[in-house]
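Have the structure open as you read.

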Amino acid sequence: MSNANTTSASGKPLRSVSDAPISVTECFSIGIGPSSSHTVGPMRAAHRFVTELLASDEATRVTAVSVELFGSLALTGKGHRTDIAVLLGLSGCLPDTVDPDAVDLIVEQIRSSGLLPIGGRFPIPFREEEHLVFRYDQILDAHPNGMRLKAFDRAVPLLEREYCSVGGGAIVCRDDALQPAADHNLRTPHPFASAAELLDCGRRTGRSIAEIMLENERSRRDDTETFAFLDRVRDAMMASIERGCGSEGILPGGLNVRRRAPGLFRALCAAGNQLADPLHALDWVSLYALAVNEENAAGGRIVTAPTNGAAGIIPAVLKYYETFHPGANRNDSRTFLLTAAAIGALYKKRASISAAEMGCQGEVGVACSMAAGALAAVLGGTAEQVENAAEIGMEHNLGLTCDPVRGLVQVPCIERNTMGAVKAINAARLALRGDGTHLVPLDAVIETMRQTGEDMRSKYKETSLGGLAVNVVAC
């Protein structure tokens with residue numbers, strides 16, 4: 001699969017391929033947990049469906065809406081709150097604007113009344129057992145994360161759409177294949193589709209990876225808007241760490257997993273600087289990642305970076321840099337995020353960040369790679385050292401499976417983010433000890449990840465049919 005945003009798992013195109021580099025806004029988005037592909041994506045798909053429906057002349061004729069979930073969306077949908085996401089989207093909510101504290105109230109109102117307000121406007125009868133169906137034994141040929149929505153006037157179909165949630169909250173409609181990509185005419189000063197092209201561009205222009213990314217963003221908007229977006233993303237990341245450090249309790253879903261971040265935060269604060277312990281900083285890094293991913297598991301506000309299941313790694317490494325490196329400033333944080341986005345764009349273009357396609361190597365592995373390269377950049381690394389750090393970050397996550405117990409983004413997902421964050425720091429430091437020369441190029445590792453994901457059995461790709469999901473008894 002050459003482009004996860006434009007090509008199906010079976011090789012069928014889902015929309016026209018754009019040669020334009022992927023934007024930083026496609027690598028990071030602010031939303032809610034617990035899953036980008038199973039919560040954010042389906043919510044956006046349902047919202048897009050009702051928006052199209054309300055824009056048509058058929059809106060007032062709608063008497064029923066049905067939703068079918070296929071493949072991974074069905075198999076782990078309950079644990080990932082996909083049903084809740086669909087109800088929110090059909091009600092007119094979007095992941096970046098819905099109040100996480102209001103979600104349960106909105107859903108309870110729908111369930112208790114038996115009425116679904118289409119787009120927040122037209123209430124229609126809605127019974128989940130009839131109108132929201134989990135097709136556990138079926139997979140749409142376009143992608144493992146498929147869903148089909150239909151609107152009816154009694155028995156007469158009014159609108160039908162199929163969507164795929166392709167990773168990181170991005171969605172693709174089958175009908176998009178008939179339309180050119182929105183950015184198909186976009187021309188950027190530094191087009192790149194591989195790490196080799198990115199490095200070559202840097203050598204020719206003398207630009208850093210972050211500068212190349214920023215100059216490409218100017219084809220879409222001015223720097224003021226881009227910086228404002230990056231600052232919002234950074235601030236949302238830090239806010240999720242802060243909330244996670246202060247939120248006690250048991251995570252929802254039935255595993256009775258207790259939030260550990262608040263207790264660890266208190267213990268680290270009480271311990272002071274612990275200068276005698278050379279690994280004290282890594283305890284804080286683990287805390288930062290735990291805090292974010294516990295927030296995600298609870299359905300809180302987090303940044304999809306590049307997915308929700310791996311949302312703690314990039315914030316944890318960025319917080320580590322801002323906290324433990326004197327002189328860190330806002331511009332450094334922008335450089336960090338721009339560099340991470342350039343690396344993430346390569347994975348999105350050349351492989352996939354969907355765990356349903358790649359396993360967890362496509363989520364935690366990609367986030368680790370992005371964070372490693374970004375940290376190397378702000379620590380003064382050359383483009384070659386940044387590329388080396390990103391390569392190390394992925395090379396040692398190859399083959400990582402996605403096997404969440406009971407389909408919840410909790411075990412092993414939360415701790416896996418702490419490991420990914422620490423590994424990213426190690427990868428950056430290792431790369432900075434060299435001159436950027438190394439045997440395995442990043443492009444080769446990305447291609448290896450893609451091939452590994454295709455060869456990986458589906459039971460290890462976000463279906464909860466293998467691995468820890470079947471070997472851990474979840475009472």
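**A covered helix and its surroundings**

Start with helix 14, which is mostly covered: 15 of its 15 residues are buried (under 20% relative accessible area, with a 1.4 Å probe and protein chains only). Helices here are DSSP runs of H or I, at least four residues, numbered from the N terminus. Helix 14 takes in residues 364-378 and reaches 21 Å from first C-alpha to last, close to the 21 Å expected at 1.5 Å a residue, where the expected span is 1.5 Å times one less than the number of residues. After helix 14 comes G380, with a positive phi near 95 degrees.

A word on the ground rules: this is a predicted model, where local features need pLDDT of at least 70, side-chain atom pairs count only at pLDDT 80 or more, and totals for chains, interfaces and linings use all residues. Residues are numbered from 1 along each chain as its sequence is written, and side-chain values use heavy atoms, leaving out hydrogens and water.

Now look at the largest nonpolar core, which has 94 residues; F28, M237, I314, F336, L337, Y347 and L375 touch the most other members. Such a core is a set of buried Ala, Val, Leu, Ile, Met, Phe, Trp, Tyr and Cys residues joined through side-chain atoms within 4.5 Å. Helix 14 gives the largest share of this core, twelve residues.

Finally, the domain assignment, automatic or from a database, gives domain 1 (36-173) and domain 2 (195-460). Their centres, taken over C-alpha atoms, are 30 Å apart. Contact (heavy atoms within 4.5 Å) links 18 residues of domain 1 with 18 residues of domain 2.

Notes:
Helix = DSSP H or I, 4+ residues; strand = E, 2+ residues; numbered from the N terminus. Buried < 20%, exposed > 50% of the residue type's maximum accessible area, 1.4 Å probe, protein only.
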